[in-house]
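Okay, everyone, thanks for coming. Let me put the structure up and walk you through a few spots.

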Amino acid sequence: MDPARALRYPTETTRARSSTRVDMHVASDARDLHERARGGAVAIGNFDGLHRGHRALLDRARALAPGRAGALTFRPHPVKLLAPHLAPPLLMPYDEKIEGLRALGLDYTLELAFTRERADQAPDAFVKDVLVDGLAVSHVVVGADFSFGKGGAGKVDALRAHLAPSGALVHVVDAVKEGGLVCSSTRIRQFVLEGRVDAAALLLGHAFTLTGDVVKGDGRGRTIGFPTANLQTKGETIPKVGVYATWLFVDGERSPSVTNVGLRPTFQGEGVRIEAHLLDAGRDLYGRRVSLGFVARLRDEQRFSSAEALTAQIAIDVRAARAALA
């Protein structure tokens, strides 16, 4: 696989493909999508991270019903309701997931509220309420491990049986593998938390990305000749503390950068900060919304004896980042 292809930000790679399409319609009630979805195809999943496996489902839906292809997802993630103490951090905030689905060229997304009532709904009732009476789709696309209804009692065979009277067909997409590993949100999350962002990118099909607003910091980076953009993000999954080669995206353009995720031990910093230094001509990003695509981990964060020692190491980091991004 071409490593460069795996490290692009998903919105950037799909903008051209989706720019000529009608804007995706988003609804929380299936009945609001009835005419748009009727006779079409829907892919069902949580779609956290929009990795290669998720896109295989979505691509199948688009191929089955061009112009009437959509996604059905849930908010919050079911585990956050059913077992909040076990819920893993999301790979991407809900609003970013919706924007990612939009960029993939889907015609609609149904974002169902996952409530106690929904969790207790029997499999046959879910199919009738949402897929048959609500969306009236002709094709439903799921993964091989798909389950639904109260307690996850419904499996693929039950889905087929409950849809049979309506004539809708079920299409099962096998797990997507890369390098012998199944592309799953769980595995990707593990890689990111370990700082193995290059491995996460291979399964994602794009660089792991954090999006947020640039806020004012203490200005210390500017005083040592390396001004930084301080990212305030809603992202729940943050790469392991350390220094990374990153791409910074703003207004559809990307710039090479080196990013520190950490506590700034040299200056007795408090709380985890995400600080990106642009490698080329600096620009004022304060107040701007930007995204950081993490390409490679360069080193651990460490304490230096002086600001001068830190400055010398940052210069080394900049060269290493350029090499990684080249």
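This is a predicted model: local features need pLDDT of at least 70, side-chain atom pairs count only at pLDDT 80 or more; totals for chains, interfaces and linings use all residues.

Residues are numbered from 1 along each chain as its sequence is written, and side-chain values use heavy atoms, with hydrogens and water left out.

Back to that pair. Helix α8 is residues 123-135 and α9 is 156-163, and they pack at about 60° with axes 10 Å apart. That makes α8 oblique to α9 (under 35 degrees is roughly parallel, over 145 roughly antiparallel, 65 to 115 roughly perpendicular, the rest oblique). Who's in contact, meaning heavy atoms within 4.5 Å? P123, D124, V127, L131 and V132 from α8, with L159, H162 and L163 from α9.

Now α10, residues 185-193, and α11, residues 197-204: here the angle is about 160° and the axes are 7 Å apart. So α10 runs roughly antiparallel to α11, and their crossing is left-handed. On the α10 side you've got R187, I188, F191 and V192, meeting V197, A199, A200, L203 and L204 of α11.

Last stop: T211, in strand β9, residues 208-215. T211 is buried, at 8% relative accessible area (buried is under 20%, exposed over 50%, partly exposed in between, with a 1.4 Å probe and protein chains only).

Conventions: Helices (H or I, at least four residues) and strands (E, at least two) are DSSP runs, numbered from the N terminus. Axes are lines fitted to C-alpha atoms, for helices over the stretch in contact, and angles run from 0 to 180 degrees between N-to-C directions. Contact means heavy atoms within 4.5 Å. A crossing is left-handed if the near helix is turned anticlockwise from the far one by less than a right angle, and right-handed if clockwise.
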